[in-house]
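Thanks for coming, everyone. I'd like to walk you through one model this morning. Let me put it up on the screen.

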Amino acid sequence: MARPDPTDSIADQAAGWAVDMAYGDMTAESRSALDAWLTADPRHRGAYVRACAGLYAMEDAVIQAAPASAAAAATSSNDNEWQPARRSFARRVMPMAGGMALAASLAAFIVTGLPPTPPAPTRIATARILNLSDGSVATLQPGARIAFAVADGTRTVTLLSGEARFQVAKDKVHPFVVRSGDVYAQATGTVYSVGRVGTTGGTVRVSEGSVLVWPRDDRDQAIVLRAGGTLTLDPALPRPKAAAPAPAPLPLPALAQISLDNVPVAAAVARFNRVNSRRIRIADPAIGNIRIVGLFRADDPEQFAKAVAALSDARIEYHKDVIVIKVK
Amino acid sequence: MDDERDIITAWIAREILPHEHAVRLWLARRWRQAVDAEDVIQEAYCRIAGLASIDHIDNPAGYFHRTAHAVATDMMRRAGKINLVALTQNDWSDVIDHGPLVDRVMEADQELARVKGLLATLSDTCRRAIELRRIEGLSRKETAARLGVSESDVKNHLVRGLQKVLKGMAEQDADGEAREAKGRVVGTSRSH
């Protein structure tokens, strides 16, 4: 197959290579030719990345625009031996040395194409080993009960009682969260077990990978638990007792937003005050009892205060370093 | 690992590429002729593709801007030039994007619409080739036979389509900001 014309611009040559790698026949020879081109000029690598992304966007657009009938035909008709639809996504070739393989695969297609799984009906299970619909495996200890549901792009297991161990099917896009009372443990692909503690708490033990653990409403203060680590959290108690390897605080970005899901204003204010030097004070306890829903910048208490004021028909007073929310 | 890489390509296609036009305009405004925007963009893609994970990036547009800025700064340094276009606080707040989510979404929509417009100009052969290969999973040979053209024609259609999309992405038509910036050279050689 003809190599991209060296007299073309770098972007044009890169386009040739990207198409060649994705649609051409992948020989060892063509791969090493690409490698040679990539190392020939430091700009080639970036241009190639850009071209691959451009090609991906093109395919994305075409696939999304494709009439549903065409897609259906591709899956239903199996008279001759074509490959099932979409499988070819997984077979794009990894052309580059040095961990620079950039083809799109099945995993990437999940990111782009498939609509989120519709909420599956919640099932109550008592069996010992359960294969969850997402491919994860739950092993239940005697007396354990769980409910599993997929909704809003999140796979959620509710541990109703006892202790269970989870082998989580890898799926970066759909976080896997186990809830034990008011304790949440989230992983993408990993093995961990969760046991109930009292009515609100839970113990999380990580066998492989790492898991984020947080008490209800405190997602921004989640703790990273790594393999071998154990953590017992009971929000009913004043402080979490951490066991095993020192839990590392989350990197900053997780703090960037505070998500409130039907939380009393008073509790939300406490969260803002914990991370900001500019404090919020509620002058009237009635305002503190109002429930609020929303996503706010953690470092912008003013925006939050305004939302509360709008919600409770209150007004805001600014003092030095304090924002006061008062009844009108 | 490969999954990770593929996720990154998909992410670049959806979250970074649509902002390329805005980043180019911004580069032309900030750096004028001091750096070659083409080189900066390519290097920025290279750095972004080298990311081990993208989970921590919640504002891809801002990340792209910052990466491009870092690349441009490095290039100036390497070239022994002193950067006379220091960023003001104002510029940074433009970049870091404290705007409410709604604005961000609207801006992203406009950029996406631009990319969509480009993608809509793909030739029918190009479209059909992608459908046959990626949706129906035909081989190269079968695709070419179905379209009634040679295999190298199929490839050429795809290459030309992609080249057009990439070129369209790089064009600085919108408001002539790039042209206005021309002729003002900023950055001076250290030797004098």
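Chain B has an average pLDDT of 74, and 71% of its residues score at least 70. Where pLDDT is low, the predicted coordinates should not be read in detail.

Now chain A. Its pLDDT averages 72, with 72% of the residues scoring at least 70. Residues 68-126 of chain A lie below 50, yet this stretch has 103 contacts in the model beyond near neighbours in sequence. Residues 239-247 of chain A are also under 50, with 17 contacts beyond four places in sequence. For the model overall, ipTM is 0.75 and pTM is 0.45.

Next, what are the chains built from? Chain A has 8 helices and 20 strands. Chain B has 10 helices and 2 strands. Read chain B from the N terminus and the elements go α-α-α-α-β-α-α-α-α-α-α-β. Burial first: 36% of the 328 residues of chain A count as buried. In chain B, buried residues make up 36% of 192.

Then contacts. Take those with a separation of 6 or more. In chain A, residues 24 or more positions apart account for 41% of them. In chain B, the figure is 78%.

Let's stay with chain B and look at one helix pair. Two packed helices are described by the angle between their axes and the distance between the axes. Helix α2 of chain B covers residues 20-31, and its axis comes within 10 Å of the axis of α3(B), crossing at roughly 135°. So α2(B) and α3(B) are oblique to each other. The crossing of α2(B) and α3(B) is right-handed.

Which residues meet there? From α2(B) come B:Glu20, B:Arg24, B:Leu27 and B:Ala28; from α3(B) come B:Ala37, B:Val40 and B:Ile41.

Pick out B:Ile41 on the screen. B:Ile41 sits in helix α3 of chain B, residues 37-49. Is B:Ile41 buried or exposed? B:Ile41 is buried, because 25 C-beta neighbours lie inside 10 Å, and the cut-off for buried is 20 or more. Leave out residues up to four places away in sequence, and B:Ile41 touches B:Glu20, B:Arg24 and B:Ala68. One more distance: from B:Ile41 to B:His65 is 24 residues in sequence and 10.0 Å in space, C-alpha to C-alpha.

Back to chain A, for the strands. Start with β4, residues 145-151, and β5, residues 154-161. These two strands of chain A run antiparallel and are joined by 7 bridges. One bridge pairs A:Ala147 with A:Thr158 in β5(A). β4(A) and β5(A) make a hairpin with 2 residues between them. In that turn, A:Asp152 has a positive phi of about 50°.

Further along chain A there is an open sheet of 3 strands. The order is β17-β20-β19, with mixed pairing. β17 (279-282) and β19 (314-319) of chain A are at the edges, each with a single partner strand, so each has one side left without a neighbour in the sheet. On average, neighbouring strands of this sheet are turned by 25° against each other, direction ignored.

How does β17(A) pair with β20(A), residues 322-327? The two run parallel, joined by 4 bridges. Across that pairing, A:Arg279 has A:Val322 in β20(A) as its bridge partner.

Most residues other than glycine have a negative phi, and most peptide bonds are trans. A:Asp313 has a positive phi, near 55°. A:Asp313 lies in the loop between α8 (301-312) and β19 of chain A. A:Asp321 has a positive phi too, near 60°. A:Asp321 belongs to the loop between β19 and β20 of chain A.

Why does A:Asp313 count as exposed? Because A:Asp313 has 9 other C-beta atoms within 10 Å, and the cut-off for exposed is 12 or fewer. A:Asp321 is exposed as well, with 9 other C-beta atoms within 10 Å.

That's my tour. Over to you.

How values were computed. Residues numbered from 1 in each chain as written. Chains lettered and ligands numbered in written order. Predicted model: local features only at pLDDT ≥ 70, side-chain atom pairs only at ≥ 80, totals over all residues. Contact = placed C-beta atoms within 7 Å. pLDDT = per-residue confidence, 0-100. Pairing = 2+ DSSP bridges. Axes fitted to C-alpha atoms, helices over the stretch in contact; angles between N-to-C directions. Parallel < 35°, antiparallel > 145°, perpendicular 65-115°, else oblique. Left-handed = near helix turned anticlockwise from the far one by under 90°.
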